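I opened the coordinates and kept notes on what I looked up. The entries follow in the order I made them.

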Amino acid sequence: MVEYRIDRRSGVATYVQIVQQTKQALRLGLLEPGDRLPTAREVVEATAINPNTVLKAYRELEREGLVEARRGLGTFVRKSLSTAPADSPLRAGLDAWAVRAREAGLEREDVAALFTSVLDTHFAESKGDA
């Protein structure tokens, strides 16, 4: 089951953080079709956020076709986004890179900016942008 972590200083809306973390878990294969998401009450107890915020995030995920609410049972994953499982060799390489970056004195924000820059270079919208 996914455990949500809310960063109140990030400037990202809380419900968006829940959506993003759920999608990340789907991409990493940590959540698979049929898995139940935590109930709104469980998320509220773990994060001290408003239950309506959780429900808004779950509605967004449902609108995107990723989850479905089953009355009286909970919210369940409908489809996976997994293409690179959590135990992928690529993850191990990225983990080693992150260790080197931290040892070099980079802060989290520095690493995120550097990584985003590299992603932008390699995953430009059109081939002419790269």
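Predicted model: local features only at pLDDT ≥ 70, side-chain atom pairs only at ≥ 80, totals over all residues.

Entry 1, threonine 22. I looked up its relative accessibility and got 0%, so threonine 22 counts as buried (buried is under 20% relative accessible area, exposed over 50%, partly exposed in between, with a 1.4 Å probe and protein chains only). Threonine 22 sits in helix H1, residues 14–27 (helices are DSSP runs of H or I with at least four residues, strands runs of E with at least two, numbered from the N terminus). Leaving out residues up to four places away in sequence, I listed what threonine 22 touches: Tyr4, Leu31, Leu37 and Leu61 (contact means heavy atoms within 4.5 Å).

Residues are numbered from 1 along each chain as its sequence is written, and side-chain values use heavy atoms, with hydrogens and water left out.

I recorded five helices and two strands, in the order α-α-α-β-β-α-α along the sequence. The C-alpha atoms fill a box of roughly 50 × 30 × 30 Å along the principal axes. Of the 130 residues, 23% are buried. Of the contacts between residues at least 6 apart in sequence, 55% join residues at least 24 apart.

I found 19 positive and 19 negative side chains, with the centres of the two sets 6 Å apart. Lys and Arg count as positive, Asp and Glu as negative, and His and the chain ends are not counted; each charge is placed at NZ of Lys, CZ of Arg, CG of Asp or CD of Glu.

Strand E1 (residues 67–70) runs antiparallel to strand E2 (residues 74–77), and four bridges join them (pairing needs at least two DSSP bridges). Glutamate 68 faces phenylalanine 76 of E2. The two strands form a hairpin with three residues between them, and in the turn glycine 72 has a positive phi of about 80 degrees.

Entry 6, aromatic rings. Which residues form the aromatic pair? I found tryptophan 97 and phenylalanine 115, tilted, at 6.3 Å centre to centre and 45 degrees between the planes. Rings of Phe, Tyr and Trp (its six-membered ring) pair if their centres lie within 6.5 Å; planes under 30 degrees apart count as stacked, over 60 as edge-to-face and the rest as tilted. Tryptophan 97 is in helix H4 (residues 89–103) and phenylalanine 115 in helix H5 (residues 108–122), so the pair ties together parts 18 residues apart in sequence. Tryptophan 97 is partly exposed at 25% relative accessibility, and phenylalanine 115 is partly exposed at 33%.
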